[in-house]
Amino acid sequence: MVATSIFSAATAHADESPSVPPGTEATATAPVKVDPNDPDLKLPEGATLAAAKVLDIKQVVEDQSGDERREDTNADVKFALQAEVLFGKDSAKLGAQAKARISAIAEEIKTQNATKIRVFGFTDNLGSSAHGDVLSKQRANAVQEVLDQELNDSNVTYEVRGYGEQYPIADNSTEAGRKKNRRVEVSFPRTES
């Protein structure tokens, strides 16, 4: 078992540069040039056009139980799996169903030919912040190890982070909100068409 862990660590590449969870960083530039002198533009005399900008289209699909969510944007694909689906309470050991769900994500990564994968862990705000930071990182590492085994590709690099209670996506004052916040997100660039 020790040899397996050492081998797995040897094949994974880590990006040590600071990062924030996907979806919180700035995105694309304007793809279309607009001619402000076009006679079909009906602008009042003396008016000018604002600078063009891209509005990123985001599609979110969440299963009925809220245990799994997929977000697709123009640039990225992100899967969010609730911690209860992957792990036991206050544990970073993957449960029986977890590997099948992670394998499905690995198949999508292969489909997109992604080589840079971000695996970020999050917790709710119960317990100490320090414990949440450690637990979220351990959980992100556990998911990354399974992805690495499934993908078995030395060209793939991983950015693995544990954010603890930072970046909640729901209200921590309710159990339903805390459940959504206890998650591991796997994201990667989508294939350009």
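Which residue just after α4 takes a positive phi? N152 does, at about 45 degrees.

This is a predicted model, in which local features need pLDDT of at least 70 and side-chain atom pairs pLDDT 80 or more, while totals for chains, interfaces and linings use all residues. Residues are numbered from 1 along each chain as its sequence is written, and side-chain values use heavy atoms, without hydrogens and water.

**View 1. Packing of α3 on α4.** Helix α3 spans residues 98-112 and helix α4 residues 129-151 (helices are DSSP runs of H or I, at least four residues, numbered from the N terminus). They pack at about 55 degrees, axes 9 Å apart (axes are fitted to C-alpha atoms over the stretch in contact; angles run from 0 to 180 degrees between N-to-C directions).

**View 2. Residues of the α3 and α4 contact.** From α3 come K99, I102, S103, I105, A106, I109 and K110. From α4 come V143, V146, L147, E150 and L151. Contact means heavy atoms within 4.5 Å. The set divides into eight nonpolar, one polar and three charged residues (Ala, Val, Leu, Ile, Met, Phe, Trp, Tyr, Cys and Pro count as nonpolar, Asp, Glu, Lys and Arg as charged, the others as polar).

**View 3. Buried residues of α4.** Among them are G132, L135, R139, V143 and D148 (buried: under 20% relative accessible area, 1.4 Å probe, protein chains only).

**View 4. Surroundings of Q112.** Q112 lies in helix α3. Q112 is buried, with a relative accessible area of 13%. Beyond four places in sequence, Q112 touches F188, P189, R190 and T191.

Notes:
Helices (H or I, at least four residues) and strands (E, at least two) are DSSP runs, numbered from the N terminus. Buried means under 20% relative accessible area, exposed over 50%, partly exposed in between (1.4 Å probe, protein chains only).
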